[in-house]
Amino acid sequence: MSSTPPANEPSSAAEEHASTIEIVRGNPTEEELAALIAVVSDAYAHEAGEAVAEQPHISAWQRTQRGLRQPLRRDIPWGRYSG
């Protein structure tokens, strides 16, 4: 017995992240739509491939290193020595 996903749910990960195109003006032909989809898909794949951030290398020393303390506030008087 095989189960199929409901019509409103995506059946794969590719369909889950699929983009939609809405034509709001004009009457494009099938060839024009195919060309548009090919160009936009290629540009998106190229941009997604280049959008990889490098992971910074953090040594064990940097992980255990204590941060610097905040500088002293000279505008707050301290004890009897407020001058």
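pLDDT is the predictor's confidence in each residue, from 0 to 100. The model is predicted, so local features need pLDDT of at least 70 and side-chain atom pairs count only at pLDDT 80 or more, while totals for chains, interfaces and linings use all residues. Residues are numbered from 1 along each chain as its sequence is written, and side-chain values use heavy atoms, without hydrogens and water.

**Exercise 1. Describe the secondary structure and state which element has the lowest mean pLDDT.**

Step 1. Helices (H or I, at least four residues) and strands (E, at least two) are taken as DSSP runs, numbered from the N terminus.
Step 2. The protein chain has three helices and zero strands, in the pattern α-α-α along the sequence.
Step 3. The average for the protein chain is 76, and 73% of the residues score at least 70.

**Exercise 2. Identify the residues of the nonpolar surface patch and locate Ile37.**

Step 1. Patches are made of residues with over 30% relative accessible area and no salt bridge; nonpolar side chains (Val, Leu, Ile, Met, Phe, Trp, Tyr) are joined within 5 Å, like charges within 9 Å. Areas follow the Shrake-Rupley method with a 1.4 Å probe, and for residues only the protein chains shown count as cover.
Step 2. Ile21, Ile23, Leu36, Ile37 and Val40 make a patch of about 410 Å².
Step 3. Ile37 lies in helix H2 (residues 30–50).
Step 4. Buried means under 20% relative accessible area, exposed over 50%, and partly exposed in between (1.4 Å probe, protein chains only). Ile37 counts as partly exposed because its relative accessibility is 44%.

**Exercise 3. Find the salt bridge and classify its two residues.**

Step 1. A salt bridge requires a side-chain nitrogen of Lys or Arg within 4 Å of a carboxyl oxygen of Asp or Glu.
Step 2. The count by this rule is one: Arg73 pairs with Asp75, their closest N and O atoms being 2.8 Å apart.
Step 3. Arg73 is exposed because its relative accessible area is 55%; Asp75 is likewise exposed, at 56%.
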